[in-house]
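User: I am new to reading protein models, and I would like to go through this one step by step. Could you take my questions in turn and show how each answer is reached?

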Amino acid sequence: MLQQVPASARQEHLSYISPHPDSPWQTYLAQVDRVVPYLGPLARWAETLRRPKRALIVDVPIEMDDGSVRHFEGFRVQHNLSRGPGKGGVRYHPDVTLEEVMALSAWMTVKNAAVGLPYGGAKGGIRVDPEQLSRKELERMTRRYTSEIGIIIGPQQDIPAPDVNTNPQIMAWMMDTYSMNIGGTATGVVTGKPIQLGGSLGRVKATGRGVYVTGREAARRIGLELRGARIAVQGFGNVGGVAAELFAAAGAKVVAVQDHTGGVFRESGLDVARLNAYVHEHHGVAGFADADVLTGEDFWGVGCEVLIPAALEGQLTEARARRTTAKMVLEGANGPTLPAADDVLLDRGVLVVPDVICNAGGVTVSYFEWVQDFSSFFWSEDEINARLEKILVGAFTAIWETSERLKVPLRTAAFVVACERVLEARAERGLYP
Ligand code: NAD
């Protein structure tokens, strides 16, 4: 039932937030504003969505290989723990800020609830360019960061995982550091670990697989044939590279790829396997042979049916949304579309499959990993992929039906499904004390 919430019901901005309209946190707040009118009596609790439960800022000093000491800013934010322990990745990037980590943790709250995983939302990050560190420096930084946030993480409190520029090796160091500090082996404290340390088969490709599965479901509903469809992908890492591989295997043509080193284009379709191997070796797409160079803004005007932003947040601006020829946007990245761009895409009839369902494959298999660690019983990769498919198709179907029933875009529908679950848990638990 639609209920209007007066603007005056919203409380003041948090004191430590800069109200820049295009910041990830403001994007998230705008998304919450759009869902509140559909929450009925639960809207009473909506303010809980607009503030993180807990935000920890840590100093991460490390000794560099040359003997000098450098300090890095680290964060771990637990946005909401109403439905279970915190869950969300750790990002290493020079642009990481508290505000960005807050937004990413809030999207984890929504994502975990939208998919029905028994978790709250959390996220972490260090403001660092990891390419500037040696392997030993990276290890020291990861271990010190893990120790610093050790007071709020744990298998039943908050379970980190990989995100941009973090990987199974970094998760192994985190697991080992936490375990050393508690005097035991706590495999369930992080997910995305190497297989021999309690990692799960299928985890590495799970996010990209989820982008493919939800994209396939969405394409079927709008009558878009994937065989021969042209795909443009921004970000060719863990998410974009795998999604591109699976779409290519389904007969689509990946015509354009852009990453932080540049862009490549091939009308007849790039050789995705070779591009993945090239990126692995050269850390970027720049210089890849058998393709034309695609510069900056031209990426957004490329002729395509499917656009997959799979790099960072805020990439799909209003102007870029006007340029795209895509019929469908699959949000591999978290928060890639600004609210104004969402409106343009809606007006232009472009379907947006929102991040909170589109890239939920990773956290879903992280959940499987956590469950397997507790039971010390491990499933086959086929079993993992079948369970992933079942959960994502079920969650996507519920969101699609909500979208049709309320006549709202998929993002608002996903937020309705998720926020109802979060706020029902909130209301049932009651306010402490
Ligand atoms: P990654 O580090 O493996 O890859 C990031 C990619 O983004 C790289 O190809 C990089 O070149 C590109 N990139 C960075 N800055 C860019 C820029 N300014 N312009 C163009 N490209 C740029 O990271 P990932 O794990 O693939 O994560 C990508 C996105 O997916 C992030 O938004 C992340 O939060 C989200 N995500 C990741 C997972 C996961 O399991 N890894 C799960 C859910 C969501």
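User: In which helix does Leu 29 lie?

Analyst: This is a predicted model, so what follows describes computed values. The helix that runs over residues 24-35 includes Leu 29, and that element is helix 1.

User: Is Leu 29 buried or exposed?

Analyst: A residue counts as buried when its relative accessible area is under 20%. Leu 29 has a relative accessibility of 5%, and therefore Leu 29 counts as buried.

User: What radius of gyration does the chain have, and what would a compact globule have?

Analyst: The C-alpha trace spans about 55 × 55 × 45 Å along its principal axes, and 58% of the 433 residues count as buried. For a chain of 433 residues, a compact globule would have a radius of gyration near 22 Å, and the value for this chain agrees with that, being 21 Å.

User: Which residues come nearest to the ligand?

Analyst: There are 21 residues around the ligand, and by class this shell has 7 nonpolar, 10 polar and 4 charged residues. Both domain 1 (7-184) and domain 2 (206-358) give at least three residues to the shell. Those that come nearest are Asp 163, Thr 207, Phe 236, His 260 and Asn 334.

User: What distances separate oxygen atoms of the ligand from polar atoms of Thr 207, Val 239 and Gly 332?

Analyst: With Thr 207 the atom concerned is a polar side-chain atom, lying 2.7 Å from an oxygen atom of the ligand. With Val 239 it is a polar backbone atom, at 2.9 Å from a ligand oxygen. With Gly 332 it is a backbone N or O atom, and the distance to an oxygen atom of the ligand is 3.4 Å.

User: How much of the area that the ligand exposes when taken alone does the protein bury?

Analyst: Taken alone, the ligand exposes 830 Å². Helix 5 (203-221) and helix 6 (238-249) are the elements that give two or more residues to the shell around the ligand. Of the area that the ligand exposes alone, the protein buries 85%.

User: Which side chain does that of Ser 366 join in a polar contact?

Analyst: Ser 366 is part of helix 12, which covers residues 361-375, and Ser 366 counts as buried because its relative accessibility is 1%. Its side chain takes part in a polar contact of 2.7 Å, and the partner is the side chain of Thr 191.

User: Is Lys 407 buried or exposed?

Analyst: Lys 407 is found in the loop between helix 13 (381-406) and helix 14, and its phi is positive, about 55°, although Lys 407 is not a glycine. A residue with a relative accessible area over 50% counts as exposed. Since the relative accessibility of Lys 407 is 73%, this residue counts as exposed.

User: Where is Asn 165 found?

Analyst: Asn 165 has a positive phi of about 65° without being a glycine, and with a relative accessible area of 41% it is partly exposed. Its place in the chain is the loop between strand 5 (158-162) and helix 4 (168-182).

Methods. Residues numbered from 1 in each chain as written. Predicted model: local features only at pLDDT ≥ 70, side-chain atom pairs only at ≥ 80, totals over all residues. Heavy atoms only, no water. Near = heavy atom within 4 Å. Polar contact = N/O pair within 3.5 Å; in protein donor to acceptor, adjacent residues only side chain to side chain. Areas by Shrake-Rupley, 256 points an atom, 1.4 Å probe, with all protein chains shown as cover. Helix = DSSP H or I, 4+ residues; strand = E, 2+ residues; numbered from the N terminus. Nonpolar A, V, L, I, M, F, W, Y, C, P; charged D, E, K, R; others polar. Domains from an automatic or database assignment. Rg over C-alpha atoms; globule rule 2.2 N^0.38 Å. Buried < 20%, exposed > 50% of the residue type's maximum accessible area, 1.4 Å probe, protein only.
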